[in-house]
Amino acid sequence: MQPDRLWTVAEVAEYLAVTQRTVRAWQTEHRLPFLKIGGVVRFRPADVMAWAGQFEEGGPNWPADGAS
């Protein structure tokens, strides 16, 4: 995947190692940053990487359940 082009749902799912259904759910819930161009959903690779990075161990949203 070239980092300078927009990603599809399938490419985001592959990058995050989740199903396409999960990506669509996160997109529908506005949990994952996306663009809608002419009714087609696309993702900026840098936005997806930054979004995923916030969940790394020790990151601002770790642990995800709020436990210490």
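Tutor: Happy to! Just after helix H1, alanine 17 takes a positive phi of about 60°. Helices here are DSSP runs of H or I with at least four residues, strands are E runs of at least two, and both are numbered from the N terminus. Before going further, please keep in mind that this is a predicted model, in which local features need pLDDT of at least 70, side-chain atom pairs count only at pLDDT 80 or more, and totals for chains, interfaces and linings use all residues. Residues are numbered from 1 along each chain as its sequence is written, and side-chain values use heavy atoms, with hydrogens and water left out.

Let us step back into H1 itself. Its buried residues are Val9, Glu11, Val12, Ala13 and Leu16, where buried means under 20% relative accessible area, exposed means over 50%, and partly exposed lies in between (1.4 Å probe, protein chains only). The cover over these residues includes H2 and H3.

Much of this belongs to a wider picture. The largest nonpolar core has 12 residues: Trp7, Val9, Val12, Ala13, Leu16, Val23, Trp26, Leu32, Val41, Phe43, Val48 and Trp51. Such a core is a set of buried Ala, Val, Leu, Ile, Met, Phe, Trp, Tyr and Cys residues joined through side-chain atoms within 4.5 Å. At least two residues of this core come from each of H1 (9-16), H2 (20-28) and H3 (45-53). H1 gives the largest share, with four residues.

Glutamate 11 and arginine 5 meet through their side chains in a salt bridge, at 2.3 Å from N to O; the term asks for a side-chain nitrogen of Lys or Arg within 4 Å of a carboxyl oxygen of Asp or Glu. Glutamate 11 is buried, with a relative accessible area of 14%, whereas arginine 5 is partly exposed at 34%. By this rule the structure has three salt bridges.

Tryptophan 7 and tyrosine 15 make a tilted pair, 5.2 Å from centre to centre with 50° between the planes. Tryptophan 7 counts as buried at 3% relative accessibility, while tyrosine 15 is partly exposed at 37%. Tryptophan 26 and tryptophan 51 are tilted too, because their ring centres are 5.2 Å apart and their planes stand at 55°. With tryptophan 26 in helix H2 and tryptophan 51 in helix H3, this pair ties together parts that are 25 residues apart in sequence. Both tryptophan 26 and tryptophan 51 are buried, and together with Phe55 they form one aromatic cluster.

Leaving aside residues up to four places away in sequence, tryptophan 26 touches Leu16, Val18, Arg31, Leu32 and Trp51, a touch or contact being heavy atoms within 4.5 Å.

Finally, here is the setting for all this. The chain has three helices and two strands, following the pattern α-α-β-β-α along the sequence. Of its 68 residues, 24% count as buried.

Note on methods:
Phe/Tyr/Trp six-rings, centres within 6.5 Å; stacked < 30°, edge-to-face > 60°.
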